[in-house]
Amino acid sequence: MNKTGLVNGVAEKSGLTKKDAEKAVNAFLDVVTETLGAKEAINLTGFGKFETRERAERKGHNPSTGEELIIPATTVPAFKAGKQLKQAVK
């Protein structure tokens, strides 16, 4: 499913117009992006947790030359599924 499919699904389930559903989806995505950008977590009980994780600096290599290089430390977004979501997917 892509964003258009998500907007259509939200519109159908909620009774909102597609335009209003798109606003709601965009607002949700903006809030998630801003919150994770501030390195805060979002807990949605039963659904899951959006959070950031720190990746340590590590050694890697360039596959075309075989040259060893250092991959810098970074912060990455992560999602951990909640119990109800895991059960629904089974």
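This is a predicted model: local features need pLDDT of at least 70, side-chain atom pairs count only at pLDDT 80 or more; totals for chains, interfaces and linings use all residues.
Me: Why is E51 called buried?
Reply: Buried means under 20% relative accessible area. E51 has 16% relative accessibility, so E51 counts as buried. You can find E51 in strand β2 (residues 48-55).

Me: What is E51 in contact with, leaving aside its neighbours within four places in sequence?
Reply: Look for L36, A41, V76, P77 and A78.

Me: How do you know that the side chains of E51 and R53 make a polar contact?
Reply: A polar contact needs a pair of N or O atoms within 3.5 Å, one able to donate a hydrogen and the other to accept it. The side chains of E51 and R53 make such a contact at 2.9 Å.

Me: And why is L44 called partly exposed?
Reply: Partly exposed lies between the two cut-offs, under 20% for buried and over 50% for exposed. L44 has 31% relative accessibility, so L44 counts as partly exposed. L44 sits in strand β1 (residues 42-44).

Me: Which residues make the nonpolar surface patch of about 420 Å²?
Reply: L44 is one of them, together with F28, L29, F47 and F79. Patch residues need over 30% relative accessible area, and L44 has 31%.

Me: What makes β3 and β4 a pair of strands?
Reply: Two strands pair if there are at least two bridges between them. Strand β3 (residues 58-61) and strand β4 (residues 68-71) are joined by 4 bridges, and they run antiparallel. Across the pair, R58 stands opposite I71 in β4.

Me: Which residue in the hairpin of β3 and β4 takes a positive phi?
Reply: That is G66, with a phi near 80 degrees; the hairpin has 6 residues between the strands.

Definitions and conventions:
Residues are numbered from 1 along each chain as its sequence is written. Side-chain values use heavy atoms; hydrogens and water are left out. Helices (H or I, at least four residues) and strands (E, at least two) are DSSP runs, numbered from the N terminus. Patches are made of residues with over 30% relative accessible area and no salt bridge: like charges are joined within 9 Å, nonpolar side chains (Val, Leu, Ile, Met, Phe, Trp, Tyr) within 5 Å. Accessible areas come from the Shrake-Rupley method with a 1.4 Å probe; for residues, only the protein chains shown count as cover. A salt bridge is a side-chain nitrogen of Lys or Arg within 4 Å of a carboxyl oxygen of Asp or Glu. Buried means under 20% relative accessible area, exposed over 50%, partly exposed in between (1.4 Å probe, protein chains only). Contact means heavy atoms within 4.5 Å.
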